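Thanks for coming. I have one structure to go through, and I will keep to what can be computed from it.

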Amino acid sequence: MMAQRSDEAVVDAPASVAEHFEIAADQYAEHVAPFFSATYDYIDAYLADRRRGSVADIACGDGRLAARLAARGHVVVGMDRSKALLRRAVSRASSATFVEGEAHGLPWADGTFDVTICNLSIPLMDDPIGAVRELARITKPSGEIIVSALRTISEPDDQTSDGQLRAFLLAAGLTVIVEQGLEDRRAMSSPMALAGLMQGEVGPWTRSAAARARVPAIAAQAFARRPGGMVLTFRFDVWHATVPARPELDGS
Amino acid sequence: VTISVETFGSKEPLQSVDVDGTVLDVLKALGLSAQVYLVARDGDVLPVDEPVADGDRLLLIRIISGG
């Protein structure tokens, strides 16, 4: 009963997504982002075959994708609203440029980038369609936008994304040219990794220091009681869209 | 056997499920994955083969929520 009362208090004090990525940047970078590596691998491989150009990575997090793209010779600008994650990005990718900002008001002129990426972040935004319109605005006519969402974890009916991103792209006047599903199985390596995942994810654990403090004990118990281990299957959706050659983007 | 279930961090009301079996059976009845949810009772995380009893009040803890 005590635990249930404290849970209610946790819900009463929600952290915003922005606050989460300041509070839990280290756990996110160390324990959550690695579970999303299928998306970094896919986008990196896709752009490896493309002409080198200018790439914007909006909501770049700790810069792990930006670093890989810059190493391939693209001119990469990463943007995020978390100072804590940007500090990591700067130290990871010295050949990329990083800017603090919000997806709803990007600080670049129309048609600046050949490719604009927003990986696993649009569903977390307050105004996802507005964000997609901004991605389109800063992308060159006939340029490409790549966005993605986590679809499910472990079970097909355990939906975390229902394909809304595709609708957002169409609403912003874009043409979807590729829809790609990705699947990746990942084993949890230790109780510490499980605790880091729970604390680093956007969710209720962010919302109070007391709740976060409970995580390591919960993770240790869970791990001890699952001698078979814990394997998560992640499924992602990736969409590629083009910006019209003569942009008539729906900005209304 | 009626079990009450709530989800940590959710404002969803308490659910009741009729399950005669284990923690895993409760998760299956709710259509949830044992890999993604931990189940606790009285502050104690339960193994998936733990039997449940009538009147149990379980707390579901989602370990990852996406994004």
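A:A59 sits in the loop between β1 (54-58) and α5 of chain A. Helices (H or I, at least four residues) and strands (E, at least two) are DSSP runs here, numbered from the N terminus. The phi of A:A59 is near 65 degrees, a positive value in a residue that is not glycine. Most residues other than glycine have a negative phi. A:S142 is another non-glycine residue with a positive phi, about 70 degrees, and A:S142 is placed in strand β5 of chain A.

Before going on, the ground rules. This is a predicted model, in which local features need pLDDT of at least 70 and side-chain atom pairs count only at pLDDT 80 or more, while totals for chains, interfaces and linings use all residues. Residues are numbered from 1 along each chain as its sequence is written, chains are lettered from A and ligands numbered from 1 in the order in which they are written, and side-chain values use heavy atoms, with hydrogens and water left out.

How many cavities of 30 Å³ or more does a search of the whole structure find? The search finds 1. On a 1 Å grid over the protein atoms alone, a cavity is a set of points where a 1.4 Å probe fits but cannot get out; a pocket is an open set with protein on both sides within 12 Å along at least five of seven lines; lining residues have an atom within 4 Å of a point. Grid points are joined across faces, edges and corners, and a volume is the space filled by probe spheres set on the points.

The largest cavity holds about 390 Å³. It is lined by 27 residues, and A:A59, A:C60, A:G61, A:D80 and A:S121 are the closest to its centre. So A:A59, from the loop I started with, comes up again. α2 (17-23), α5 (64-71) and β2 (75-80) of chain A each give two or more residues to that lining. By class, the lining has 14 nonpolar, 7 polar and 6 charged residues; Ala, Val, Leu, Ile, Met, Phe, Trp, Tyr, Cys and Pro count as nonpolar, Asp, Glu, Lys and Arg as charged, and the others, Gly among them, as polar.

On to pockets. The largest has about 310 Å³ of space, and nearest its centre, out of 21 lining residues, are A:V202, A:G203, A:P204, A:R207 and B:S65. The second largest pocket has a volume of about 160 Å³. Among its 14 lining residues, A:R50, A:R51, A:D114, A:V115 and A:G143 lie nearest the centre. β5(A) gives the most to this lining, with 5 residues.

Last, the interface. Chain A puts 38 residues into the contact and chain B 27, contact meaning heavy atoms within 4.5 Å. The area buried between the two chains is about 2,800 Å², with carbon and sulfur atoms giving 59%; buried area is the accessible area (1.4 Å probe) that two parts lose on being put together, summed over both.

Which side chains meet in a salt bridge? Those of A:R225 and B:D44, at 3.6 Å, N to O. The rule, a side-chain nitrogen of Lys or Arg within 4 Å of a carboxyl oxygen of Asp or Glu, finds 1 salt bridge across this interface. On the side of chain A that touches chain B, α10(A) gives the most, with 5 residues. That side divides into 23 nonpolar, 6 polar and 9 charged residues.
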